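My entries follow in the order I made them.

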Amino acid sequence: MITPAAELSTALADLLADPDTAPLGPRTAAEYRQHIAYGLPGIALLHVERAAAGLAPWQRAHAWLAAAAGQPFTSGPDSHPFYGAPAMAQVLACAADHLPGSYESALSTLDEQIAQDVLRRLTAAHRRLDAGQLPEIAEFDTVRGLSGYGAYLLRRNPGGAAVRTVLDYCVRLTKPIPHGGETLPGWWTPTAPTGRPDTDRFPEGHANSGMSHGIAGVLALLALAARHDTIVDGHHDAMRTILAWLDRWQEETGQGPAWPYWVTRAELRDNRLAPTTPRRPSWCYGTAGLARAQQLAALALGDRPRRIAAETALTAALTDSAQLKATTDNGLCHGFAGLAHLAARTADDAHPSTVGQLRAAIPALLATICPLGTDPAAAAATMANTAGPGFLDGAAGIALALLAPTTTPPRTAWDACLLIA
């Protein structure tokens, strides 16, 4: 039986079938053209996954890959895992896995550029560490930093030397840093979550918890590497350090545990979080992404109680009306489609005692996105118009995120860039 959510996924993909006629909008076609989150590579990723799953012809994927590669890609210091050459490499790698011999030359060139960029970034990061300075978010995060590069290197060559150099850096990042007469976690950044100074809200910086821009991405990378049996000195201790930090700041909502988006210097000194209203449990920030990262770490460490606790926390977040009320869109990054995909991915690895509850939470999430009786074509047009066509917030990401909960687990590593698998 084809579900409404599966029909919507297909309708979104059909709407974006042809790069010449798809409703891109000026920002996707120009400013964000090279961005996997908002531009052409992310839309190509949708069609690569659907072709690999046998849901659509490879011609669509090839057309989008050609459109994405129609102009030179940025490389070097101005690129990052979600922008420029590294972003394109992630999409080409997904296609090449299912088309042996295809895109080999382009991928080889891109991999050389990425290796140079990773080396440059690691050299700068270790120089900063040697000087005892605090990191910028873009040094280590998933979207712009070394965790994101590590995700790509891990899937390309899990046991390679390049992955190990990034993991060595991640281990070093978890070491505390003396600063201003206090001892701060090694990932404490001097700026706001935006990466820019904010003397009003973050006068002394913060420790970011998120999967997109915080320490959860580092934890997920370490955990995924360990599950590939790629382990460096201090690897498990680094994971435990991050987990201990999350344990310290865990809060009870009345429905289950939750973790803050970040911790400020005032909160660190008080050893207490400031009161907040319920926050959305998304991939980028909040309980959903953090629960998956902790589940992956627990699996890597063989910690069954923590694994079950993380899975239970995700189920609680997905069924907590207050947290769900704070979720206001359908996107992959911080919307209902992303929650459904995270639930499916987490359930695939869940303990027998929790897997049923996780899977039981998915239908209500899907019904929120696509209620029974929805016209798929009309809903797809509305979503593309309001959220845009992109991967992280828009139509392409929604279409991808609806596949695993409604059909089969991903056939490509399209969500590897999110560090959830």
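**Cavities**

I started with the largest cavity, which has a volume of about 40 Å³. For a cavity I worked on a 1 Å grid over the protein atoms alone and took a set of points where a 1.4 Å probe fits but cannot get out; lining residues have an atom within 4 Å of a point. Grid points are joined across faces, edges and corners, and a volume is the space filled by probe spheres set on the points.

The model is predicted: local features need pLDDT of at least 70 and side-chain atom pairs count only at pLDDT 80 or more, while totals for chains, interfaces and linings use all residues. Residues are numbered from 1 along each chain as its sequence is written, and side-chain values use heavy atoms, with hydrogens and water left out.

I listed the lining of the largest cavity as Ile36, Leu45, Gln90, Cys94, Tyr152, Arg155, Ala413, Trp414, Ala416 and Cys417. Two or more of these residues come from each of α5 (85-98) and α8 (146-156). I took helices (H or I, at least four residues) and strands (E, at least two) as DSSP runs, numbered from the N terminus. By class, the lining of the largest cavity has eight nonpolar residues, one polar and one charged. Here Ala, Val, Leu, Ile, Met, Phe, Trp, Tyr, Cys and Pro count as nonpolar, Asp, Glu, Lys and Arg as charged, and the others, Gly among them, as polar.

I noted two cavities of 30 Å³ or more in the structure. The second largest cavity also comes to about 40 Å³. Around this second largest cavity I found Ser75, Gly76, Ser79, Ala85, Pro86, Gln113, Ile114, Asp117 and Tyr149. Both α5 and α6 (104-130) supply at least two lining residues, and α6 gives the most, with three. I counted four nonpolar, four polar and one charged in the lining of the second largest cavity.

**Pockets**

I next looked up the pockets, a pocket being an open set with protein on both sides within 12 Å along at least five of seven lines. The largest pocket holds about 470 Å³ of space. It is lined by 25 residues, and Glu251, Pro260, Thr276, Thr277 and Arg279 are the closest to its centre. The elements giving two or more residues to the lining of the largest pocket are β4 (251-252), β6 (262-264) and α15 (321-325). I sorted this lining into 11 nonpolar, seven polar and seven charged residues.

For the second largest pocket I have about 350 Å³. Of its 18 lining residues, Leu154, Leu224, His228, Ala416 and Ala421 lie nearest the centre. I noted that Ala416 also lines the largest cavity. At least two residues each are supplied to the second largest pocket by α8, α10 (215-227), α13 (287-301) and α16; the largest share, three residues, is from α8. The classes in this lining are nine nonpolar, two polar and seven charged.

**Helix contacts**

Which helices meet α16? I checked α14 and α13.

The axes of α14 (residues 304-318) and α16 (residues 336-348) come within 11 Å and cross at roughly 155°. Axes are lines fitted to C-alpha atoms, for helices over the stretch in contact, and angles run from 0 to 180 degrees between N-to-C directions. The crossing is left-handed, meaning that the near helix is turned anticlockwise from the far one by less than a right angle. Glu311, Leu314 and Leu318 of α14 make the contact with Leu339, Leu342, Ala343 and Thr346 of α16, contact being heavy atoms within 4.5 Å. I counted five nonpolar, one polar and one charged residues there.

The axes of α13 and α16 come within 10 Å and cross at roughly 15°, which means α13 is roughly parallel to α16. This crossing of α13 past α16 is left-handed. From α13, Ala288, Gly289, Arg292 and Gln295 meet Leu339, Leu342, Arg345 and Thr346 in α16. I sorted the residues of the α13 contact with α16 into three nonpolar, three polar and two charged.

Terms used: Angles under 35 degrees count as roughly parallel, over 145 as roughly antiparallel, 65 to 115 as roughly perpendicular and the rest as oblique.
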